[in-house]
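Q: I'm new to this one. Can you walk me through what's in it?
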Amino acid sequence: MAKLRDVSRHIRSKQAGPFWVTIDIWFDGQTSFDRYKDSAGLSPDVFVDLFGTDAGLVKKISVPELNLIKVSYPRATPQGGVIERDMHSGQQYVRLLDVELD
Amino acid sequence: MSDKLALPVKILVPCGSLGAGVREDEVEYGLSRGAHAIATDAGSTDSGAAYLAMGKSKNSRGAVKRDLMILMKAHARTGIPVIIGTAGQAGGDLNVDWTRDILLEIVAELGITPKIALLYSEQSPQAIKAFNADGRIRPLPPLGPLEDDTVDACAHIVALMGVEPYIKALEQGADVILGGRSTDPAVLASFPIWKGAGWGASWHAGKVGECGAQCTEKRDSSGVLLSVGQDGFEVEPLAKDNYCARDGVSAHMLYENTDPYILTEPGGQLDVTAVTYEELEDGRTVRVTGAVWRPGPYTMKLEGAGGGKFQTIMLVGIQDPDVLRDVSGFHDRFLDALYLRARQTLPPEEQDDFHISIRMYGWNAVDGMPVPEGTPPPRELGVLFIATARTQELANAIAHACNPYFFHFPAVMDKELPSYGFAFSPADVPRGEVYEFKLNHVVAVSDPLELVRLQWVNL
C-alpha cells in the first residue's frame, strides 16, 4: 500500500468547462505508473465518495509517455452556484493525496 | 488576399488573454521573426458565469486598451492582421461592443483606418428555442435535454465559433477582427488554415498556443510564436530568455480538457494520438508533427449564463481559544443560531427561500468536509458569512439581522460575550447576483456562419 502523495511527482485539478473537473496525476516514474495506474484507489467509486460525482460518467485516460493518468468527472454542482467553494476546482486534487493505492 | 503563403505561416500569440499584459519587447521579437499575423483570445469561461451574464469584461478597460494599443501599433507598422477572439472575456454582443469602443479610441489616437470586422455569435432565446424544437440541440453530459425554462433563465447565450467566420472576414480583407465567443484554438488556427497550412497542424498549434507562454518553461513570460506548416508546427517563446521543452508542450493537451488525445471543435475533431514532439537544436523551440483533423458534422457549443439569487457577505477573524478548541462544533452551533435569528426576523412568506452558509477559513472552508479526528487547532480562523436570498434587499436584511450574532456568538455560554474581529464598517457587503452557467449543449448548423453575424466598422 502507498499513498498517492508518495508515488506521484505532481497532481493538479482544474475545471474543464463549467460542468467538469479534470485531474492530472503524474506518477514519479514508469514503475509507479505501471503499478498503480489501474489501482482500485483511483476507481470511479473513490471519486463518488470524495466528490459526490456520478460513477458512470467518470472518465480515466492513461498517458504512458508522461507516466500520467487523467481522471475527469462532472461537478456535483455547476461552477459558481450558491454553495461554490472552489470556483476553478484548483484545490480539488488535495482530497486525493492520502488515497491508498495497492 | 487569399494567396497562399509559403509555409510555415507564423502566428504571433502575444499573451494568453488580451489585457493580461502584452510585452512590447516580445512583440518586437515576434515581428523580427517574420510574423504574418497576431492572434489571441480575450477571455474564457474560467472565471465564472458573471462576465457572460452581465456582459462585462474581467480585465479592466485600461489593461485591455494598453495591450490592444501595442498590437495595433505593430499592425500600423507592419500591416499584418490582428485577430482577437472571445472579446471582453465572455464574447457576448455587449462584450464585443465594449472591446470595439476601445479599439475605435485606439485607431483614432493612432490616426489609422484599418478595415475592422466584428463577429457576433450571441443568440436570441427565441432562436435557441426554435433550434431546440427542430431537434438541432443536444445535451452534453452531465446535463439533460434543454427546456425552454432554462433558455429563459439565461441573460445571454453565445455559440462558440470555429475558424470559418474568421476566414470569411480575412477573405474580405479584414485588418482587424474582433470576434465574439470562439473556441480558443480557432482564433489562432484561422489564419494559418486560410493561408494553406494543414488543418491538423493549425488546430493543434492553436491548442498549444491558446494560453500564450503557459506551454513554455518559464512563468515570467507572456507569448509564443507558432510556425505552422502542412504536417506540423513549431512553437517557441517570444521572450528571449525563455524556452519550450518537449514535456511542457505535450502536457498542454491535458490542460482544462477531459481527453488528452481528442479535442472536439466546431466541424470536427483534432486527434493527437500519433503526435511526436521534438526539441530543436536551438534549445528553445519544439517541433510538433502528426496531428490529424477529422472533419465531422458541424456543431457549435452553446454557453448560457444567468443570475437569480443575491448574496450579502460578512467576514470576521477569530483567535479566541474557546472557539479554536472545537471549530467544527462551534460551526454547527453558530450556523443553527444564525438560521434561527434570520427566521425570527423574516416575514412568513420568506421563511423557506433563503440560505445561510458560514465558511471556516483556516479549518475546512475550501472543501466543507469533516476534519479528521485529532487535527490540531488552527492559530486563527477567518469566518465568511454568506446569505443568499431572492433579492439583494432580503440578503442584506438577513445579514443585518445576523450581524450581532455573527459578531458575538459565544463558544462558551457562561462567559462574557466575545467580540470577533471585523475588518470593515459597515461589516456587511452586498455582493450582488449569483451567476451560473446553465447550458452545456451543442447546436447543429447547416453552415459555419449560420449563427454568426459579420459586421464591418465604417471609419
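A: Let's start with a definition: two strands pair if DSSP finds at least two bridges between them. Keep in mind that this is a predicted model.

Q: OK. Which residue stands opposite A:V63?
A: A:L68, in β5(A).

Q: And how many bridges join β4(A) and β5(A)?
A: Five bridges, with the strands paired in the antiparallel sense.

Q: What sheet are they in, and what is the strand order?
A: An open sheet of four strands in chain A. The order is β2-β3-β5-β4, with antiparallel pairing.

Q: Why is one side of β2 and of β4 of chain A left without a neighbour in the sheet?
A: Both stand at the edges of the sheet, so each has a single partner strand.

Q: How much are neighbouring strands turned against each other?
A: By 15 degrees on average, direction ignored.

Q: Switching topic. How many residues does each chain give to the contact?
A: Chain A gives 30 residues and chain B gives 30 residues.

Q: Which elements of chain A give two or more residues to that side?
A: β2 (8-15), β3 (20-27), β4 (59-63) and β5 (68-74).

Q: What classes of residue are on chain A's side?
A: There are 13 nonpolar, nine polar and eight charged residues where chain A touches chain B.

Q: Now chain B. How is it divided?
A: Into domain 1 (9-121 + 160-296) and domain 2 (307-437), by a domain assignment. Their C-alpha centres lie 43 Å apart.

Q: How many residues are in contact between those domains?
A: Five residues of domain 1 of chain B are in contact with four of domain 2 of chain B. The domain 1 side has three nonpolar, two polar and no charged residues.

Q: What about the largest nonpolar core?
A: That core has 137 residues. B:I11, B:I38, B:I83, B:I177, B:L226 and B:V235 touch the most other members. Domain 1 and domain 2 of chain B each supply at least three residues.

Q: Which residues does B:I38 touch?
A: Leaving out residues up to four places away in sequence, B:I38 touches B:L12, B:P14, B:L71, B:A74, B:I80, B:V82 and B:I83.

Q: What other core lies apart from the largest one?
A: One of 20 residues, including A:F33, A:F47, A:F51 and A:V71.

Q: Last one: is helix α8 of chain B mostly covered or uncovered?
A: Mostly covered: 11 of its 11 residues are buried. Among them are B:D184, B:F191 and B:W194.

Q: And what follows α8(B)?
A: B:G196, with a positive phi near 100 degrees.

Terms used: Residues are numbered from 1 along each chain as its sequence is written. Chains are lettered from A and ligands numbered from 1 in the order in which they are written. This is a predicted model: local features need pLDDT of at least 70, side-chain atom pairs count only at pLDDT 80 or more; totals for chains, interfaces and linings use all residues. Two residues are in contact if their C-beta atoms, placed from the backbone, lie within 7 Å. Ala, Val, Leu, Ile, Met, Phe, Trp, Tyr, Cys and Pro count as nonpolar, Asp, Glu, Lys and Arg as charged, and the others, Gly among them, as polar. A nonpolar core is a set of buried Ala, Val, Leu, Ile, Met, Phe, Trp, Tyr and Cys residues joined through C-beta atoms within 7 Å. A residue is buried if 20 or more other C-beta atoms lie within 10 Å of its own, exposed if 12 or fewer, and partly exposed in between; C-beta atoms are placed from the backbone. Axes are lines fitted to C-alpha atoms, for helices over the stretch in contact, and angles run from 0 to 180 degrees between N-to-C directions.
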